[in-house]
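Hello,

Here is the structure for you to look at. My notes follow below it.

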Amino acid sequence: MKINGVRCLNDDNYKTLSIIDNTEGTNVKVSGEKEDGVLNFNAYALFQNLKGLDDKDAKKQLINYYINSNRLDGISKYFNRKNPLVIKVSSEDKKMKLMSQDLNFVDEEYYEILNKYKKDRERFLKEKDFDIYVVNTTKKVSCYHSNNINNKNVCYLFLNFDNKAILSEKNFLKKFIEEKIFSKNVLAEVSNEYKYYRKVDIGAECSFSCGDFIIITDNDRLFELFSKIALNHNKELEDVKQLQYKIKGF
């Protein structure tokens, strides 16, 4: 395995970790700017251990180092002519790029990266309550981030809704909304009319709201999901209300 830029990774000052697998072998490119006196001994020890490993095990070590050292906030997987499979992973200030002709190996690693990404996304969403959640669907990149707009904390969710991922991402979104409104003793409302929200310059075709929880989207396919969640939530509230009436003797 040929590695360029070891010192950048040792100093934990790299920007991009590229692992390129082709017929000539595996090349690793670590790009960044070296800073004196910032030596990261975890990365230094990692590269010492890589010297005795074959390419396959060394690649796994590098990938695991990246995903365990960063909070992943974006992932994409696609094919092109030059490299049959390309996976790009991002964190707050670092990126990892995998390009390989070994489809089985990278596919196996992809699911490990994807699972870590989903765990990091779940932790991010539990860290705080946002004023507005904006969800959109994509065919390649899945990512999330937040922004402050007119003193409103806005969370953006981009979900990969290709044929293989649509079920799991829909289940994720459904579970997320249901957990947010579980303890709210107010009716949920849905709308498929374009409008702006809370004087923030964000508009969307479809919305779901329950008390102070608001989630919006431009994807009309999600309107059906919003409607089902609202219907179930409101029915549960009505059932509880009827039970309370019976207990009181009405």
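Which residues in the largest nonpolar core touch the most other members? They are Met96, Ile113, Ile177, Phe208 and Ile215, in a core of 52 residues. A nonpolar core here is a set of buried Ala, Val, Leu, Ile, Met, Phe, Trp, Tyr and Cys residues joined through side-chain atoms within 4.5 Å; buried means under 20% relative accessible area, with a 1.4 Å probe and protein chains only. Apart from this core lies another, of 9 residues, among them Val134, Val154, Tyr156 and Ile214.

This is a predicted model, in which local features need pLDDT of at least 70 and side-chain atom pairs count only at pLDDT 80 or more, while totals for chains, interfaces and linings use all residues. Residues are numbered from 1 along each chain as its sequence is written, and side-chain values use heavy atoms, with hydrogens and water left out.

Overall

The protein has 6 helices and 14 strands, taken as DSSP runs numbered from the N terminus (helices: H or I, at least four residues; strands: E, at least two). Of its 250 residues, 42% count as buried. Its accessible surface is about 14700 Å², and 47% of that belongs to carbon and sulfur atoms (Shrake-Rupley method, 1.4 Å probe).

The sheet

An open sheet of 12 strands runs in the order β1-β3-β2-β6-β5-β4-β8-β9-β7-β14-β13-β10, with mixed pairing; two strands pair if DSSP finds at least two bridges between them. β1 (2-4) and β10 (189-191) are at the edges with a single partner strand each, so one side of each has no neighbour in the sheet. From one strand to the next, the twist averages 15 degrees.

Strands β2 (residues 14-22) and β6 (residues 95-100) pair in the parallel sense over 6 bridges. Thr16 has Lys95 in β6 as its bridge partner.

The helices on it

Helix α3 (residues 55-69) lies across β2, β3, β5 and β6, at about 155 degrees to β2. Helix α5 (residues 166-181) lies across β7, β8, β9, β13 and β14, at about 155 degrees to β14. Axes are lines fitted to C-alpha atoms, for helices over the stretch in contact, and angles run from 0 to 180 degrees between N-to-C directions.

Two residues

Contact means heavy atoms within 4.5 Å. Leaving aside neighbours within four places in sequence, Ile215 is in contact with residues including Tyr133, Leu173, Ile177 and Phe208.

Ser76 lies in strand β4 (residues 74-78) and is buried, with a relative accessible area of 6%. Not counting residues up to four places away in sequence, Ser76 touches Val86, Ile87, Lys88, Lys140 and Val141.

Regards

Notes: Buried < 20%, exposed > 50% of the residue type's maximum accessible area, 1.4 Å probe, protein only.
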